[in-house]
Amino acid sequence: MAGYNIRFENVLPAFLESLQIPESDIWKKNFELTENLHYLVRAHSGKGKSTLLGMLFGARNKYSGQVFIGEKELQQIDLMEWSAIRKDKISMLFQELRLFDLLTVRENLKLKIDLTGKYDIEQAIQWLDALGMADFIDRPCKTLSFGQQQRVAIVRSLLQPFHWLLMDEPFSHLDEYNIQIALELIKNRCKENGAGLLITSLGSTHNYSFDKQLNL
Amino acid sequence: MMFRKIFSKLIKPWQIFLVSVGSFAGLLMLWVPIQSYFDISSAMKSKKDLFGDHFLVLNKTVSVFSALGWGSGGFTAEEINALKSEKGVNDIGAFTANTFHAMASADFGDNGPVVKTEMFFEAVPNQFLDERPMGWNWSPESDEVPIIVPSDYLALYNFGFAPGQNLPQISQDLAKLSGFTIVISGSGKERVFKGRIAGFSDRINTILAPLNFITFCNETYGAKAPPDPSRIIVEASDITALAEVMKSKGYESNQEALKSGRIQSVANRILTITLAIGALIVLLSLGSFLQFADLLIARSDFEIRTLSYQGYDYKKISAIIFRQVFVFVAISAALALLAGIAIRWFLLKYMSVLVENPTAFPKLISFVIFFSVMAFYLAIAYWNIVRQTKRLSGAY
């Protein structure tokens with residue numbers, strides 16, 4: 001499954017070009033992320049964590065250098081191809097979650113389930129239940145707290161096949177108890193998919209044994 | 001359902017209301033003229049004089065010289081050709097007059113009087129007649145001659161002569177039943193024909209017989225070669241231009257016909273300008289449903305990106321947005337059609353003035369054109385949605 005390794009070649013986001021960058025494990029470096037390993041990317045705010053994940057997800061393209069997924073350079077992938085990749089190759093949880101406010105939890109999850117067809121709503125409810133959110137299934141997302149929404153977004157990101165799971169500060173509003181449950185769920189899903197995991201964080205490792213930690 | 005929910009909050013109710021009113025008004029303004037045009041155009045064909053080409057009978061001004069017999073009062077072939085090449089002149093027909101002697105007589109029964117009178121005939125090519133009456137043809141073997149008399153002659157009798165003489169009025173149909181005898185003579189020969197009034201003309205103020213009858217009799221009984229025609233009939237599309245030419249060449253015509261022709265020309269021009277402005281307004285108002293699509297897209301940045309990040313491709317997202325626009329337009333169009341047809345029903349009784357036997361429903365062609373224009377606008381809307389969605393789905 002090494003076909004989905006991620007390779008960086010001298011990459012630097014445009015917004016960092018004019019700034020003085022301290023030593024980084026990622027920017028301006030040549031290295032590879034292995035598909036079935038789990039990585040933690042640590043950095044303070046404003047160092048480009050979201051940009052990094054956005055690049056890997058085809059949402060950002062203002063950078064110099066090259067990034068390859070398998071043999072394909074990211075900038076060469078067209079829109080239709082990105083849609084296919086997002087459907088069953090790479091899943092991402094955004095820092096701002098990107099749930100639809102007016103839709104209920106169920107409807108938000110259905111949008112993903114209907115598209116990918118990998119899991120059903122029963123499965124989703126089980127995972128919600130593990131995170132203490134099953135009772136909120138028919139509540140509109142806008143009525144939930146950010147922490148509750150974060151748990152819904154975590155479940156949504158797991159409701160599809162993937163080679164990589166990208167999570168941008170996924171636990172910022174969760175208590176330690178829920179973080180551990182979420183990490184267990186995430187670990188199992190990644191194992192099941194033989195997938196790599198890339199989590200950004202302000203610093204904490206959440207007592208999780210990552211294969212590698214990178215400082216941005 | 002989920003998709004409708006996603007996009008429904010993006011546009012405020014008052015905005016939907018405004019755009020709805022705009023779309024409805026635009027579509028109604030599109031529909032009513034189309035519907036009316038096809039209702040009336042069939043009537044226009046039969047009443048061609050209204051807003052159609054004009055027919056004018058021209059003659060040269062009678063001067064002292066021509067009254068004294070110096071110079072001909074007729075139109076030469078060169079003059080006719082010159083006039084034919086003028087702007088606004090479509091066709092010219094010469095009047096052919098008789099050069100033979102003709103006498104008409106009517107016998108009012110055994111004890112009644114025999115009325116006899118000298119006659120004259122003229123002929124014009126058939127395409128210049130108001131309408132070609134039944135049986136308007138003649139062959140050298142035929143002893144019956146159809147003629148067309150001016151409607152004014154009958155009016156003169158009915159409203160001028162008959163009341164004073166205590167005589168009954170005569171309808172056009174009754175007049176057509178009356179027969180009389182025509183005796184043609186000349187060059188030492190004579191032939192008797194049966195005359196029959198075949199029709200009446202508003203356009204041409206003379207007694208008309210079929211052209212081949214006049215030609216045949218002129219050749220057979222005529223005393224001399226036919227002179228240049230003293231009158232010609234002109235079919236003109238631009239009466240104002242023709243009036244200028246007539247003035248410069250010293251031709252004259254019935255002033256009333258000329259005046260009404262000019263009024264029609266001006267009316268035609270005003271109508272054209274009004275229609276052009278109307279069409280512009282309609283095109284702009286129809287733009288309001290393009291605006292609806294634009295408004296929806298402009299507010300959908302988050303929604304389009306989020307769907308795209310979930311794995312929905314831009315074609316699918318465009319289709320979702322287009323469906324919202326389509327439903328909105330379809331409802332506006334249905335309401336506009338209903339309102340338009342309702343207006344038509346309400347006006348049906350007035351329509352009978354212009355249209356014989358108006359149908360209860362608008363003509364099929366009206367629907368075809370209406371939906372074609374709508375399809376055109378929807379195609380633009382769709383293209384625009386795909387373009388914008390693609391832009392918003394892309395990386396930044």
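Chain B holds an open sheet of 4 strands, ordered E2-E10-E1-E11, with antiparallel pairing. Strands E2 (89–94) and E11 (251–253) of chain B are the edges, each with a single partner strand, so one side of each has no neighbour in the sheet. From one strand to the next, the twist averages 35°. The model is predicted: local features need pLDDT of at least 70 and side-chain atom pairs count only at pLDDT 80 or more, while totals for chains, interfaces and linings use all residues. Residues are numbered from 1 along each chain as its sequence is written, chains are lettered from A and ligands numbered from 1 in the order in which they are written.

**Terms for strands, helices and angles**

- Helices (H or I, at least four residues) and strands (E, at least two) are DSSP runs, numbered from the N terminus.
- Two strands pair if DSSP finds at least two bridges between them.
- Axes are lines fitted to C-alpha atoms, for helices over the stretch in contact, and angles run from 0 to 180 degrees between N-to-C directions.

**The sheet of chain B and its helices**

- E2(B) and strand E10 (residues 231–236) of chain B run antiparallel and are joined by 5 bridges.
- B:Gly93 has B:Ile233 of E10(B) as its bridge partner.
- Helix H4 (residues 77–84) of chain B lies across E2 and E10 of chain B, at about 160° to E2(B).
- Helix H8 (residues 239–249) of chain B also packs on the sheet, where it touches strand E1 (54–60), E2, E10 and E11 of chain B.
- The direction of H8 of chain B makes about 130° with that of E11(B).
- Contact here means that the C-beta atoms of two residues, placed from the backbone, lie within 7 Å.

**Where chain B touches chain A**

- The contact takes 20 residues from chain A and 17 residues from chain B.
- On the chain B side, helix H1 (2–8), helix H10 (301–310) and helix H12 (364–393) each supply at least two residues.
- H10(B) gives the largest share of that side, 4 residues.
- By class, the chain B side has 7 nonpolar, 6 polar and 4 charged residues.
- Ala, Val, Leu, Ile, Met, Phe, Trp, Tyr, Cys and Pro count as nonpolar, Asp, Glu, Lys and Arg as charged, and the others, Gly among them, as polar.

**H10 and H12 of chain B**

- The axes of H10(B) and H12(B) come within 9 Å and cross at roughly 70°.
- H10(B) and H12(B) are therefore roughly perpendicular to each other.
- Angles under 35 degrees count as roughly parallel, over 145 as roughly antiparallel, 65 to 115 as roughly perpendicular and the rest as oblique.
- B:Asp301, B:Ile304, B:Arg305 and B:Ser308 of H10(B) make the contact with B:Thr389, B:Leu392 and B:Ser393 of H12(B).
- This contact has 2 nonpolar, 3 polar and 2 charged residues.

**Chain A**

- Chain A has 6 helices and 9 strands.
- Of its 216 residues, 40% count as buried (20 or more other C-beta atoms within 10 Å of the residue's own, with C-beta atoms placed from the backbone).
- Among contacts in chain A with a separation of 6 or more, 78% come from residues 24 or more positions apart.
- Helix H3 (residues 105–116) and helix H5 (residues 146–158) of chain A pack at about 25°, with axes 9 Å apart.
- H3(A) and H5(A) are therefore roughly parallel to each other.
- A:Val105, A:Asn108, A:Leu109 and A:Lys112 in H3(A) meet A:Val152, A:Val155 and A:Arg156 in H5(A).
- The contact of H3(A) with H5(A) has 4 nonpolar, 1 polar and 2 charged residues.

Note on methods:
Buried ≥ 20, exposed ≤ 12 C-beta atoms within 10 Å, placed from the backbone.
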